[in-house]
Amino acid sequence: MEQNLVSGAVNAARPSWDASRLVPRIVHLGCGAFHRAHQALYTHRLLSSSDSDWGICEVSLMSGRGAQLIGDLNAQNRLYTVAERGAGGTELYIVGAVAEALHPQSDGCQAILEALARPETAVVSLTITEKGYCTGAASGQLDLNTPLIQHDLADPQQPQSAIGYLVEALAIRRRRGLPGFTVLSCDNVRENGHVAKAAVTGLAQARDAELAAWIAQHVTFPCTMVDRIVPAATAETLDEIAQQLGVYDPCAIACEPFHQWVIEDNFVNGRPEWDRVGAQFVSDVVPFELMKLRMLNGSHTFLACLGYLAGYRTIAETVSDPAFRRAARSLMQDEQAPTLTMPPDTDLSGYAARLIERFSNPALKHQTAQIASDGSQKLPQRLLDPIRQHLREGSDWRYLALGVAGWMRYVGGVDDRGGHYAVVDPLAATFAAIHQQPQTPAERVRALLDIGDIFGSDLPAHPHFVDAITVVYCQLLNDGAAAAVAAR
Ligand code: NAI
Ligand code: CS2
């Protein structure tokens, strides 16, 4: 029989405890790449270094790889491997924080609702991607017209969206006289706790005003800043980890050594002492969130779209081009940093330098196409909010303009050499329809700017904004991304 993480000899320490120690006080929705290498690893490290009993019930709601992953986790007693890849080599960890793993296809929707409604469930954490909140990216309010939300309004007891699961589970807890829980968003969304709250209370309100009032009293939604670069695992990554580990682990995930987690300390029903293993509990996360979203994620989106158009497949390749590296540094330091109000002694220039170093990690192979995906959900918090600030203050935002125009070129689905690729985005059909129209470049820019969910109503009405983006878009069409970046 083929050996696996449970039965085979492995070149990494297995947890010294077994699953009987774990109480699944955390239910996590969105058991993807990031969560496995971040929140679950913090929870594992706390188990390793204390008498904590906080374990995780992992849930994935989407079909495809999510369902397979839950099956694979269960087949290896819910253990899996994290490979931290840095300049000094790779460190392997076998994570033992997962008490249970559920998927609606294998376990049914009721089992997930029951896990959320269990008395011991105290924290429900989320990494469901930006689109999982079903809010308008520009407005941050729940969009009741989203198909998943429409479904959950029509059939609340059999929800499909993450927000529908939360609201139905809270309705059950209320009926049973149980306390609420803390909803801990760990997504790259501006003021992620507030967006989670707007989504949950928006749906509860649409169902039952009394439920919404109960939630307002019994549930908290702390904001968090989460950081660790965790690229999607490829077949090559899994094979490389298997070679070092000694057995093949289909749930393994590789990431950079760096990790950061800043959490607003606002929990209703207890919390793990994640601060014992490096997390920070603070009273106001927003400055840290904005710093990370604008400096790290903003330059990621810039490098991903323009780098991809120029023929670079990974972020490390892109920043190995001196013009792109210089541009990313200028974007961070000259245009993103000045929009931030940070606690005294924050060294934003040092932060920018460390980000360039992290982006240069060749072992990560973080795909530009992965980061460029779902741009409609990412642009507002990464590039457009800072532009609004520059427009108000009359300051220079030339790199931000290049980033936005680069994204507009990227969603055309054709790179600078004429190569076609799939645009992955909830608005992909809208982008395709726009690009099928016979139009001048200026008309195409106008059509993209008219997508209110991305640009709001203020930016398309700002003549300087529209002109600046149109000029750079035309420059990208004529000269290509590499030349436009070098000429900035
Ligand atoms: P992933 O693709 O590996 O996992 C995404 C998870 O979200 C899956 O479990 C999927 O089932 C779930 N999901 C997707 N759409 C959903 C929807 N509409 N409703 C409910 N669940 C949905 O992606 P990964 O890398 O784990 O990233 C997830 C999120 O974590 C990102 O969107 C970002 O907000 C955040 N993040 C990611 C980092 C990274 O480097 N990968 C670092 C910091 C934050
Ligand atoms: C990336 C982020 O995929 C993306 O959009 O910008 O996932 C990035 O890797 C993380 O936020 C790093 O913490």
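**Arg78 and its loop**

Analyst: Arg78 sits in the loop between helix 3 (65-75) and strand 3, where helices (H or I, at least four residues) and strands (E, at least two) are DSSP runs, numbered from the N terminus. Please keep in mind that this is a predicted model, in which local features need pLDDT of at least 70, side-chain atom pairs count only at pLDDT 80 or more, and totals for chains, interfaces and linings use all residues. Residues are numbered from 1 along each chain as its sequence is written, while chains are lettered from A and ligands numbered from 1 in the order in which they are written.

User: What is phi of Arg78 near, and is Arg78 buried or exposed?
Analyst: Phi of Arg78 is near 60°, which is a positive value in a residue other than glycine. Arg78 counts as buried because it has 25 C-beta neighbours inside 10 Å; a residue is buried if 20 or more other C-beta atoms lie within 10 Å of its own, exposed if 12 or fewer, and partly exposed in between, with C-beta atoms placed from the backbone.

User: And what about Asp374, where is that one?
Analyst: Asp374 is placed in the loop between helix 15 and helix 16, and its phi, near 55°, is also a positive value in a residue other than glycine. Asp374 counts as partly exposed, because it has 18 C-beta neighbours inside 10 Å.

User: Which residues is Gln381 in contact with, leaving aside its neighbours within four places in sequence?
Analyst: Gln381, which belongs to helix 16 (residues 375-393), is in contact with Val189, Arg190 and Leu293 once those sequence neighbours are set aside. Two residues are in contact if their C-beta atoms, placed from the backbone, lie within 7 Å. Gln381 counts as buried because 25 C-beta neighbours lie inside 10 Å.

User: Changing topic, how many helices and strands are there in the protein chain?
Analyst: The protein chain has 22 helices and 11 strands, and of its 488 residues, 48% count as buried. Its C-alpha atoms fill a box of roughly 60 × 55 × 45 Å, taken along the principal axes. Among the contacts with a separation of 6 or more, 78% come from residues 24 or more positions apart.

User: Why does the radius of gyration agree with a compact globule?
Analyst: With 488 residues, a compact globule would have a radius of gyration near 23 Å, and the protein chain has 22 Å, which agrees. The radius of gyration is taken over C-alpha atoms, and the globule rule is 2.2 Å times the number of residues to the power 0.38.

User: What domains does the domain assignment give?
Analyst: The assignment gives domain 1 (19-282) and domain 2 (286-487), with bounds that come from an automatic or database domain assignment. The C-alpha centres of domain 1 and domain 2 lie 28 Å apart. The contact between them takes 21 residues from domain 1 and 27 residues from domain 2. On the side of domain 1 that touches domain 2, the elements that give two or more residues are strand 3 (80-86) and strand 8 (224-227).

User: Which residues are around ligand 2?
Analyst: They are Asn188, Asp227, Arg228, Ile229, Leu296, Asn297, His300, Gln370, Ile371 and Lys378, where a residue is near a molecule or strand if its C-beta atom, placed from the backbone, lies within 6 Å of it. Helix 11 (286-309) and helix 15 (368-372) are the elements that give two or more residues to this shell, and helix 11 gives the most, with three residues. Each of domain 1 and domain 2 supplies at least three residues to the shell around ligand 2.

User: How many residues surround ligand 1?
Analyst: Ligand 1 is surrounded by 25 residues, of which the closest are Gly32, Phe34, Met62, Gly132 and Asp187. The largest share of that shell, three residues, comes from helix 1 (residues 33-37).

User: Last one: which residues of helix 10 are buried?
Analyst: The buried residues of helix 10 (residues 235-245) are Leu238, Ile241 and Leu245. Seen down the axis of helix 10, they fall within an arc of 65°, so they line one face of the helix; the arc is that of the directions from the helix axis to the C-beta atoms. The face turned away from the buried side of helix 10 carries the exposed residues Ala235, Glu236, Asp239 and Gln243.
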